[in-house]
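Dear colleague,

Please find the structure below, followed by a short account of what was found in it.

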Amino acid sequence: MLFRSAFGKVYMDCRADRQQEGEDEPGVPGVRLWLEDGTNVVTDGEGRWSLYGLKPLTHVLRLDETTLPVGATVAIQGNRNAGTPGSRFVDLKKGEFHKANFPLQGCDNEATQKDVQARRAAAAKNLDAELAG
């Protein structure tokens with residue numbers, strides 16, 4: 001049986017264009033995403049996530065909004081969701097990869113920006129400690 005993979009990024013969408021285009025639109029570490037079967041993943045220091053070995057069917061991927069930076073909200077990206085901007089339908093078949101990004105709003109909120117910067121600094125520090133260890 002072939003298994004499939006899903007991947008993507010959670011990032012600050014400061015230009016509100018649903019694309020990450022520069023250092024002023026950083027990835028957001030520490031955000032948890034869930035599949036309908038309880039499988040979950042937390043974004044890395046750059047806001048990236050990936051899940052491997054998934055069954056070939058349509059999954060519902062949901063972003064845990066309680067793990068977002070203070071003041072951040074999920075931007076609406078399209079209609080392939082389960083009724084909320086924080087979810088995506090992930091159709092996996094034929095050994096495919098599926099990309100599901102989650103752009104966030106809140107760049108104009110100073111508390112949000114500070115939270116994102118603190119998360120990124122903590123993630124970088126943890127990586128440095130792992131490499132040194």
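**The disulfide and the salt bridges**

Cys107 has a relative accessible area of 21% and is therefore partly exposed (buried means under 20%, exposed over 50%, partly exposed in between, with a 1.4 Å probe and protein chains only). This is a predicted model, in which local features need pLDDT of at least 70 and side-chain atom pairs count only at pLDDT 80 or more, while totals for chains, interfaces and linings use all residues. Residues are numbered from 1 along each chain as its sequence is written, and side-chain values use heavy atoms, with hydrogens and water left out.

Cys107 is joined to Cys14 by a disulfide, S to S 2.0 Å (a pair of cysteine sulfur atoms within 2.5 Å). Cys14 lies in the loop between strands E1 and E2, and Cys107 in the loop between strand E9 and helix H1, so the bond ties together parts that are 93 residues apart in sequence. Helices (H or I, at least four residues) and strands (E, at least two) are DSSP runs, numbered from the N terminus. The torsion about the S-S bond is about -80°, so the disulfide is left-handed.

The structure also contains 9 salt bridges (a side-chain nitrogen of Lys or Arg within 4 Å of a carboxyl oxygen of Asp or Glu). One of them pairs Asp91 with Arg80, with the closest N and O atoms 2.5 Å apart. Asp91 belongs to strand E7, whereas Arg80 is in the loop between strands E6 and E7. Another joins Lys114 and Glu110 at 3.2 Å, N to O; both residues lie in helix H1, 4 residues apart.

Yours sincerely
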